Amino acid sequence: MSCVLLAEDCGADHIAPVLRLRCTHPGQWSGTCPVCQGERKLSLATGTNGRRFIWTCHRRPACPSAAIHEAILATGVSSECLGSARGKHRKPESVPRSVLTDLAYAKLPASAYQLRLLMLGEDLTAQEAAAKLGMPERTYYRAVTALPKMAENRRS
Ligand SMILES: [Zn+2]
Ligand SMILES: [Zn+2]
């Protein structure tokens with residue numbers, strides 16, 4: 001079960017006031033890390049890939065993600081609001097060979113291969129991978145429209 005509000009509204013109404021976070025961008029907040037108490041060291045943002053929120057401590061070394069998760073819950077924020085510390089699909093460290101074989105036979109445009117390989121290698125979403133590659137928007141669009149047939153072939 002998760003909170004009825006969309007993550008962005010939930011962050012603004014249910015989480016930021018409790019942790020006294022300041023909104024820095026839509027869907028992003030910053031404030032005191034509940035673990036190290038470092039001012040403005042915590043950043044919280046709405047998540048992707050099955051994660052409702054992503055939290056990061058910017059101290060060096062950073063506070064462990066799991067410790068921050070627990071500390072946030074200890075302040076009284078509901079786990080239904082914060083969501084789990086892991087995505088729904090935790091990806092394995094290695095890529096099954098069958099995925100590579102499927103890729104070889106998929107006859108994708110080069111840009112789609114580039115995108116897919118970076119997604120697999122660094123466990124990124126298509127959008128994150130495109131941003132890292134500095135892929136122009138039209139190329140990205142062509143690549144992602146070619147990718148769904150890959151997704152169907154994927155075994156997880
Ligand atoms: Zn910290
Ligand atoms: Zn909520």
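What share of the contacts in the protein chain with a separation of 6 or more comes from residues 24 or more positions apart? It is 46%. Two residues are in contact if their C-beta atoms, placed from the backbone, lie within 7 Å.

A word on the source. This is a predicted model, where local features need pLDDT of at least 70, side-chain atom pairs count only at pLDDT 80 or more, and totals for chains, interfaces and linings use all residues. Residues are numbered from 1 along each chain as its sequence is written, while chains are lettered from A and ligands numbered from 1 in the order in which they are written.

Next, confidence. pLDDT is the predictor's confidence in each residue, from 0 to 100. The protein chain averages 87. Helix α8, residues 148-153, has the lowest mean, 54. Strand β2 has the highest, 97. Where pLDDT is low, the predicted coordinates should not be read in detail.

Now the fold. There are 8 helices and 4 strands. Both are DSSP runs, numbered from the N terminus: helices are H or I, at least four residues, and strands are E, at least two.

Look at β1 and β2. They run antiparallel, joined by 3 bridges. Strands pair if DSSP finds at least two bridges between them. Cys23 has Trp29 as its bridge partner. Between the strands sit 2 residues, and Gly27 in this hairpin takes a positive phi near 80°.

Most residues other than glycine have a negative phi, and most peptide bonds are trans. Gln37 has a positive phi near 65°. Gln37 lies in the loop between β2 and β3. Arg40 is in the loop between β2 and β3, with phi near 55°. A cis peptide bond joins Arg60 and Pro61.
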